[in-house]
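I opened the notebook to look up a few local features, one entry at a time.

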Amino acid sequence: MKIIGTGSAIPKKIVTNDMLSEFLDTSDAWIYPRTGIKYRHVISDEKLEDLAAEAAVKALENAGMKAEDLDFIICSNVVNEYVTPSLSCIIQGAIGATCPCLDINCACAGFMYALDIAEAHYKAGSVKNVLIVCAEEPTRMTSWKDRNVCVLFGDGAGAAVLTEGDNIKGIKLSAASATDKLYQIRTLEPTPYITKEEQNISLQMRGQDVFKFAVKASTGDIRYLLDKLGMKPDEIGHYLLHQANVRIINSIKEFLEQPDEKFPTNVETHGNSSSASCPILLDECNRKGILKRGETIALSAFGAGFISGAVIMEW
Ligand code: UT7
């Protein structure tokens, strides 16, 4: 398969580090040097499904494809207002598609997992055109009284349209259960029969454990793929990494011994938008003409689970 169109949609509300310090014991002087984040876009009056549909429509326009020509929609999402139906079904209706739909929750690595699922469908010969949408509102998972986590996240949606081709060179996925390091728990509807204790816990994170996992998993996945393909890090034109923290990106860059210009970032202006982060960055790079047709690019992300994924592909 190959990617022939990208799109993204971002909430209009911009929240700067200084705005956070109006109600939290935090500051730009703490946030910016530790994360690289200057501001993030946060959902206010928008609905995530509308942002998801907007990103999808832009990706279809960019690909020159009609929604009715889609054979499959995969949506990566951790949280949205609907428990059911799936976000992919909501997107399908909004854009006027008629194909089967599937939601996945692979935290921040959702775009890589979605690409892997799509690739399996292409190999099975069951699809021609696939839409992937990663739509996330992690700002609704965190407590806005907890400075450890709420300062890190932003919302948005990124999409990609795929068609037949042989541009995927390799995909590496991983999962290593660590449910106490990064998690959120929500209570479900009560029943007369529930006897266990249940609680609502906003997003919790052991930041330094996540940091170490992120660097290890991302460099490990990329190196695994490079070795398997008999390639050197120099042969990758651009590395599009999950935008969680600029220090994580810098550590991965040092491990791979690659120059700054190969690592486009947008964490400064978006924060961490979970699985939407990679496709939003991909769309920005695509529209700015940063990626040259035919160059080899690497995508890599990591997140709650722990889970990680990397893809090496020809652009
Ligand atoms: O998609 C994956 C999701 N998550 C990530 O990728 C996050 C990975 N981890 C990180 O990015 C970093 O670990 C953080 C940015 C979360 C934290 O940076 P750190 O250098 O690891 O800081 P720390 O955890 O060592 O915290 C240092 C201090 C603590 O105070 P004490 O205990 O030393 O007195 C925190 O309470 O900074 C305090 N702190 C804050 N201070 C001001 C934590 N958050 C804040 C804040 N403002 N927002």
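**Entry 1: H3 and H4.** I started with handedness: H3 and H4 cross in a right-handed way. This is a predicted model, so I read the geometry as computed. I then looked up which residues touch. From H3 I noted Leu48, Glu49, Ala52, Ala53, Ala56, Val57 and Leu60. From H4 I noted Leu87, Ile90, Ile91, Ala94 and Ile95.

Next I wanted the numbers, because two packed helices are described by the angle and the distance between their axes. H3 spans residues 48-63 and H4 spans residues 87-95. Their axes come within 9 Å and cross at roughly 60 degrees. That angle is why H3 counts as oblique to H4.

**Entry 2: H6 and H7.** The crossing of H6 and H7 is right-handed. On the H6 side, I listed Phe211, Ala214, Val215, Ser218, Thr219, Ile222 and Arg223. On the H7 side, I listed Arg247, Ile248, Ser251, Ile252, Phe255 and Leu256. This contact divides into eight nonpolar, three polar and two charged residues.

**Entry 3: the ligand.** Which residues come nearest to the ligand? I found 22 residues around the ligand, with Thr26, Arg147, Gln208, Asn245 and Asn272 nearest. I then checked side-chain N or O atoms against ligand oxygen atoms. For Asn245, the distance is 2.7 Å. For Asn272, I read 2.8 Å. For Trp30, I read 3.1 Å.

Entry 4: Most peptide bonds are trans, and most residues other than glycine have a negative phi. I looked for departures.

- Thr84 and Pro85 are joined by a cis peptide bond, with omega about 5 degrees. I placed Pro85 in the loop between strand S4 (72-76) and H4.
- The bond from Gly305 to Phe306 is also cis, with omega near -10 degrees. Phe306 sits in the loop between strand S12 (296-303) and strand S13 (307-314).
- Glu257 has a positive phi, near 55 degrees, and is not a glycine. I found Glu257 in the loop between H7 and helix H8 (267-270).

Methods: Residues are numbered from 1 along each chain as its sequence is written. This is a predicted model: local features need pLDDT of at least 70, side-chain atom pairs count only at pLDDT 80 or more; totals for chains, interfaces and linings use all residues. Side-chain values use heavy atoms; hydrogens and water are left out. Axes are lines fitted to C-alpha atoms, for helices over the stretch in contact, and angles run from 0 to 180 degrees between N-to-C directions. Helices (H or I, at least four residues) and strands (E, at least two) are DSSP runs, numbered from the N terminus. Angles under 35 degrees count as roughly parallel, over 145 as roughly antiparallel, 65 to 115 as roughly perpendicular and the rest as oblique. A crossing is left-handed if the near helix is turned anticlockwise from the far one by less than a right angle, and right-handed if clockwise. Contact means heavy atoms within 4.5 Å. A residue is near a molecule or strand if one of its heavy atoms lies within 4 Å of it. A polar contact is a pair of N or O atoms within 3.5 Å; within protein, one must be able to donate a hydrogen and the other to accept it, and residues adjacent in sequence count only if both atoms are side-chain atoms. Ala, Val, Leu, Ile, Met, Phe, Trp, Tyr, Cys and Pro count as nonpolar, Asp, Glu, Lys and Arg as charged, and the others, Gly among them, as polar.
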